[in-house]
Amino acid sequence: MRKISLAIIGPHQAGKSTFIRKLDPSAVRMDYEKGTLSTTVGFDYGIIFWDATKNELYPKESIENLDPFNEIWKVTLTGTPGQIAFSYVRKALVKGKDGIIMIVDSAQPVQLVYALGQYQEAREVLPPGFPFLVLANKQDLPDAKPPDVIKGLLGMDAEVIPISALRGDGVEEAFIHFLKVVRADIMSRSIQSYAEAKVRA
Amino acid sequence: MEPENPWEALRASLLEAGYSLDKIDKLESLMKKDELLPLLEKILEKVRKLGEISSEVEKEIGSGEDISNRASLLSQSVKGIVISLIGDPAYMRPFLRDRGKVKEVRRILEVTLEEASSLERELVTRVNAYIREKGLDIEELRSYEEIPAALSFLRILKRSEVHKEAQEQKVEPKEEQRKLKEEAIASLNEAFEKLRSIEEELDLMGVRYERLSHYLELRERFIEKFQEVEEGILRKYLKNITSRLAEVENDSRKLIQISQKLIDLKASIEEMKGDLLERMEGIAELGRFKEIIPYIGLDFPRIPLLIRSRIHIESLRREVERLNKISSLIKSVIDELEYMPKDAKLDLSKLSLDSTESFLESLNNCLRASRLSYGMPETIGYTGMMSEILELYPKWREKIISLLRERGEISLQDLKFIPGSWRPWVLRNLADEGIVVINEDKVAMRIIPEDMRKLEMEIEVIEDMVSDLGVMLPNLDETSVKRIREDFERAKSLFMMGRVSEYRELISELRSRVNEVKMQLGVKR
């Protein structure tokens, strides 16, 4: 089975855990030890299956319902700690991932500056042009800013999709949309490297 | 008592043949779902009536037995289709449902229905011909449904004239009757011999015409019938049969010509493809399109060919016309390539990939435009190759899996629908997905059994969790996960060696071990 590894970044309390648990209700909550210091930080880890043939998501408990001859991708979701102090933990967790989803609180625009910082951290450890998506969460709140405002505030050329992780509004649609982007990226890299190897041969 | 509804009768015969009631019910429900059942019922009803009416026609006017025989063959053929469906896991198991098969069956049923309708029309023609020949005072029939009424009328007429005829009829001497029969049989044998030689000719071309074969199978029955009938209707009978045989001969000769053209065109297109590729080689900008050339011809009719009816001959004729067009287009492209300056700029943005014809036509136009506008400003480049492969991959993948479901194992030769240079990439992807096993020696592939594949998915999940979270799971014994993987590989080997009971035992044990690990991993910390 082929695999897509995604990291979910975003400021503290932006809704990363809610998002992961909406997709994988039995996601595991882990503690990451902070080196020689004794403090710990928690993060979430979920696994979900994506049937790219039918474009449907299945939680990991539903292997029995999968058609194993469809194009199935196993998707791991690693939530990162949102606090500013845990930069090194985030970098360690983001490294080697196939794509990044950044979740921001649409009702707390002031936090976007922390989100931008985390985006910069990801850029330091991932290759250029890595698949990236911004989810403007908490759209159910009355003072939530619309996605185009969030996009303007972030000032980056990234796709911004509105969701409400708490209610589940738009979560699956946005996630599947991003999975398609990541799949195309993985396959294109595979085609590219195959073609290059052929030329070298 | 025999059920009146023909589908019920077919159900009863399936039951008699040993199929369980559950299976027959399931078949019925699947056929309903696929909208095949209404079509099948319509055919069965038509064929049943045809059998009855053609026998009546035979009795009254001495022409109808061949149609009755054809109807019986159609009925057997439909029964054969139903048996092939009920015995085919690719149809009966929802998981394996093959839409291609449903489409194919529907096409066969539609052709059969048309064949049954053409037999109905044929019966009407014969009854009308009889009415005209005898100068009877009956209006000509307009529809098949009118036949039973017309036959009743004919019976009444006959009874009233029997006495008169007996009086007037001059009895031929016995010797003359014998001679007449001998001549009739000789002429019939001659007609059948012609058909036999045509069948041999078609056979050598790899083509089988089912209608021709059916008539040849009836040869002995026709001759027996000749021995039985009286001189009075012998001439008419001979005329009817020879006219039917002449019609089949005519169709078969047409089929020979069409098949010959098809074979010649396929070979010539194949040869021209090589020439085309060679000429494209010299033009760097066309490099990306070279991969398309091997696709040309993949959808052409393949030998051996089974032609069921006249409708099939007509559709084959249309295919040959298409091949003729493709052949001319390739020739034009080759000519254009010969005249085009090697440093000419190409505007490839207008190339169409909708069909072979549109690709060749657009390529031809593009080359012509380029030749004619030699020296003009630069054209737009083509960068769609990667997106094309990304788009085609799911289709190639689906096709490979469908071939594997159908045959169990396939070779690289079966993958001609994928450009040669991309086959290893596609296979590597499928192997990465864990769907196929590539046997190096035979270059063959095989589907991993479903239960094994699902278990492997579960193992992969725990392996991932251990690999991603291992250091944070102090209670988890990593070696137990490694052993699960090792034992899983052993289970695969057992399966490959055909040691099924050992394989099943190990798979079942592995399932429990996987569940134990999952329990450990699933605990929130």
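Predicted model: local features only at pLDDT ≥ 70, side-chain atom pairs only at ≥ 80, totals over all residues.
Helices here are DSSP runs of H or I with at least four residues, and strands are runs of E with at least two, each kind numbered from the N terminus. With elements counted in that way, B:L218 falls in the loop between helix 9 and helix 10 of chain B.

- Chain A has 5 helices and 8 strands, and their order from the N terminus is β-α-β-β-β-β-α-β-α-β-α-β-α.
- Of the 201 residues in chain A, 55% count as buried, while the accessible surface of this chain is about 8,600 Å², with 53% of that area belonging to carbon and sulfur atoms.
- In chain B there are 18 helices and 5 strands, and buried residues make up 46% of its 525 residues.
- The accessible surface of chain B comes to about 28,400 Å², and carbon and sulfur atoms account for 51% of it.
- When contacts between residues at least 6 apart in sequence are considered, 72% of those in chain A join residues at least 24 apart, and for chain B the corresponding share is 71%.

**Nonpolar cores**

- In soluble globular proteins, nonpolar side chains tend to be buried together.
- The largest nonpolar core in this model contains 64 residues, and B:F226, B:L286 and B:I330 are those with the most contacts inside it.
- At least two residues of this core come from each of several chain B elements, including helix 8 (174–204), strand 1 (207–209), helix 10 (219–228), strand 2 (305–307) and helix 12 (310–339), and helix 11 of chain B supplies the largest share, 15 residues.
- Apart from this core lies another, of 53 residues, which has among its members A:I4, A:L133 and A:A174 as well as B:L415.
- Once neighbours within four places in sequence are set aside, B:L286 is in contact with B:M280, B:L337, B:L346, B:L348, B:L363 and B:L367.

**The cavity**

- Rolling a probe the size of a water molecule over the atoms shows where empty space is left.
- How many cavities of 30 Å³ or more are there? The count comes to 1 cavity, and the largest cavity has a volume of about 50 Å³.
- Its lining is formed by B:E58, B:G62, B:S63, B:G64, B:E65, B:D66, B:R126, B:F222, B:Y237, B:N240, B:I241 and B:R244, and the elements that give two or more residues to it are helix 4 (65–86) and helix 11 (231–281) of chain B.
- Helix 11 of chain B gives the most to this lining, with 4 residues, and by class the lining has 3 nonpolar, 4 polar and 5 charged residues.

- A:Q118 belongs to helix 3 (residues 112–125) of chain A, and it counts as buried because its relative accessibility is 3%, where the cut-off is under 20%.
- Not counting residues up to four places away in sequence, A:Q118 touches A:I9, A:G10, A:P11, A:G82 and A:R90.

Terms used
Residues numbered from 1 in each chain as written. Chains lettered and ligands numbered in written order. Heavy atoms only, no water. 1 Å grid on protein atoms, 1.4 Å probe; cavity = no way out; pocket = protein on both sides within 12 Å on 5 of 7 lines; lining within 4 Å. Points joined across faces, edges and corners; volume = space filled by probe spheres on them. Nonpolar A, V, L, I, M, F, W, Y, C, P; charged D, E, K, R; others polar. Core = buried A, V, L, I, M, F, W, Y, C linked by side-chain atoms within 4.5 Å. Buried < 20%, exposed > 50% of the residue type's maximum accessible area, 1.4 Å probe, protein only. Contact = heavy atoms within 4.5 Å. Areas by Shrake-Rupley, 256 points an atom, 1.4 Å probe, with all protein chains shown as cover.
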